[in-house]
Amino acid sequence: MKRREFITGTAAAGALAGAPAVIARRTWRWKMVTTWPKNFPGLGTGAEFLARLIGEMSDGRIRVRVYGAKELVPAFEAFDAVARGTAEMGHGASYYWKGKSEAAQFFAAVPFGFTAQEMNAWLYHGGGLELWREVYAPFGLIPAAAGNTGVQMGGWFNKEIRSLADLKGLKMRIPGLGGEVLRRAGGTPVNLPGGEIFTALQSGAIDATEWVGPYNDLAFGLYKAAKYYYYPGWHEPGTTLECFINRKAFEALPKDLRAIVLNACRVANQDMLAEYTARNNDALRVLVEKHKVALRRFPEPVLERLRELSEQVVAEIADKDPLSRKVYESYRRFRDKVRAWHAISERAYLEARG
Ligand code: CA
């Protein structure tokens, strides 16, 4: 593809023709690294959608080229790549960066924590986003919510989970805080990027895995490697996907383009949730009717124990460092309030609807 000039010739051409001088139009070419396989349904396409939006909203003044995992850097190196300026922006999930900051985990998914709607309420109107910016500031990065999967599924298992004893010794791909909860329940959590899950499950390198929900799990063919599909996704009740932007690159943009980048993230955040909600319905039907997947709900005593362990694990993050405590306190205060409200609104309504 032929690359366009950085400065268009409009100003010079206008002056020569005797027309009023037009201000030279600068264009920016940005790279976006991602933690997803290129164009992976929902997540990778969500990153592409964000890149396209930025291009459209800026009328081509910012052109963002998206790189799938491993195309420019491996999935879990995306954060560092944007921090050092190898790429101007990245698309991932903040719980992958727990090694950078423990507090980062609050901005993706917390076991038994916020749903998508609650997370957005906390981020945009409850002080969450300001805290997230504070967490990423030492790395020279600006975070933005840029997608949400909604409630995920509990995962794929080759045996039924009838009691806590069935979690003992279970080697399961489950990242982040959910993984730590599984460890305390006696299992062995493993973290693998999406692209490596199917092979690991099929070869028996892992006994079980969670990934996202029907739409994505169908695309990976996980039903070919495991029989039982459990719900609900207690560990990821509304996972926020993120865009992280190199601060220097961001600040080099004129004011209108900065607003465009951040507001494009906001649109992408909303759009992904809508897409997941719509597509999971169809995919679930295909999994159950065509592929004869056995749907199972985790037994209540199992969920109850996982809930207790989750409380402990999440509360312990607060002890890691002062910023983690600050984020945890904000998260907990907001959760208690929103839980009371949603008990008599969302939950009451969904139960009433049946
Ligand atoms: Ca997941």
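Guide: Start with helix α2, residues 44-57. At 1.5 Å a residue, its 14 residues should span 20 Å, and its end C-alpha atoms are 20 Å apart, so the two agree. The expected span is 1.5 Å times one less than the number of residues. Helices (H or I, at least four residues) and strands (E, at least two) are DSSP runs, numbered from the N terminus.

A word on the source. This is a predicted model: local features need pLDDT of at least 70, side-chain atom pairs count only at pLDDT 80 or more, and totals for chains, interfaces and linings use all residues. Residues are numbered from 1 along each chain as its sequence is written, and side-chain values use heavy atoms, leaving out hydrogens and water.

Now look inside α2. After α2 comes Asp 59, with a positive phi near 55°.

Move on to β3. Met 89 and His 91 point one way, Gly 90 and Gly 92 the other, and all are buried. Two strands pair if DSSP finds at least two bridges between them. β3 pairs with β1 in the parallel sense, over three bridges. There, His 91 is the bridge partner of Thr 34. Four bridges join β3 to β10, and these two run antiparallel. Gly 92 stands opposite Glu 242 in β10.

Methods: Buried < 20%, exposed > 50% of the residue type's maximum accessible area, 1.4 Å probe, protein only.
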